[in-house]
Amino acid sequence: MYIFDSREKKNDHIKAYFDRNGIPYKVEKLDVGDYMVEGGIVSVDRKRNLSELCTNLTNRDDHARFWREVRRAKECGIKL
């Protein structure tokens, strides 16, 4: 089963794809990333575009939040 983070708001197109293809998923709060396979060790943190990623890496507030999430993933044994 796939898990979508409940805070991920712009994923209607992804949910529609899963629904069309009968792929089961559930929505719940994820501590790391935006999407994960239940019980898995890989989480996907979707970025809107390269500009968002650059902001995460260079903006002081975003930079700190981004690296906290990376460290949290590492501590949990999750590849982000």
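Select Leu57 to begin: with a relative accessible area of 38%, Leu57 is partly exposed. Leu57 sits in helix H2. Keep in mind that this is a predicted model. Its mean pLDDT is 88, and 100% of the residues reach 70 or more.

**Stop 1: the nonpolar patch**

Which element gives the largest share of the patch? Helix H2 does, with 3 residues.

**Stop 2: Asn56**

Stay in helix H2, which covers residues 50-58, and pick Asn56. Is Asn56 buried or exposed? Its relative accessibility is 2%, so Asn56 counts as buried. Leu57, by contrast, is partly exposed at 38%. Now show what surrounds Asn56. Setting aside residues up to four places away in sequence, Asn56 touches Lys47, Asp62, His63, Arg65 and Phe66.

**Stop 3: from Arg65 to Lys10**

Arg65 is one of the residues that Asn56 touches. Select Arg65 and Lys10, and draw a line between their C-alpha atoms. The line spans 20 Å, and the two residues are 55 apart in sequence. Lys10 belongs to the loop between strand S1 (2-5) and helix H1 (12-20). Lys10 counts as exposed because its relative accessibility is 60%.

**Stop 4: the core**

Hide the surface and select Ile3, Leu30, Val32, Met36, Ala73 and Ile78. These 6 residues make up the largest nonpolar core. Centre the view on Val32. Which residues does Val32 contact, leaving aside neighbours within four places in sequence? They are Ser43, Glu69, Arg72, Ala73, Ile78 and Leu80. Among them, Ala73 and Ile78 are also members of the core.

**Stop 5: salt bridges**

Side chains of opposite charge can pair when their charged atoms come close. How many salt bridges does a search of the whole structure find? The search finds 6. Three of these pairs are worth a visit.

Start with Arg7 and Asp5. The closest N and O atoms of this salt bridge are 3.1 Å apart. Asp5 is buried, with a relative accessible area of 4%, while Arg7 is partly exposed at 46%.

Go next to Lys26 and Glu38, whose side chains meet in a salt bridge at 2.5 Å, N to O. Lys26 lies in strand S2 (residues 25-28) and Glu38 in the loop between strand S3 (35-37) and strand S4 (43-44), so this pair ties together parts 12 residues apart in sequence. Lys26 counts as partly exposed, at 28% relative accessibility. Glu38 is partly exposed too, with a relative accessible area of 41%. Salt bridges with shared partners join Lys26, Glu28 and Glu38 into one network.

Finish this stop at Asp31 and Lys29. Their side chains form a salt bridge, at 3.1 Å from N to O. Both residues are exposed.

**Last stop: colour by confidence**

Colour the model by pLDDT. Where is confidence lowest, and where is it highest? The lowest is in helix H3 (residues 60-75), at a mean of 84. The highest is in strand S2, at 95. Strand S2 is also the place of Lys26, from the previous stop.

Conventions:
Residues are numbered from 1 along each chain as its sequence is written. This is a predicted model: local features need pLDDT of at least 70, side-chain atom pairs count only at pLDDT 80 or more; totals for chains, interfaces and linings use all residues. Side-chain values use heavy atoms; hydrogens and water are left out. Helices (H or I, at least four residues) and strands (E, at least two) are DSSP runs, numbered from the N terminus. Buried means under 20% relative accessible area, exposed over 50%, partly exposed in between (1.4 Å probe, protein chains only). Contact means heavy atoms within 4.5 Å. A nonpolar core is a set of buried Ala, Val, Leu, Ile, Met, Phe, Trp, Tyr and Cys residues joined through side-chain atoms within 4.5 Å. A salt bridge is a side-chain nitrogen of Lys or Arg within 4 Å of a carboxyl oxygen of Asp or Glu. pLDDT is the predictor's confidence in each residue, from 0 to 100.
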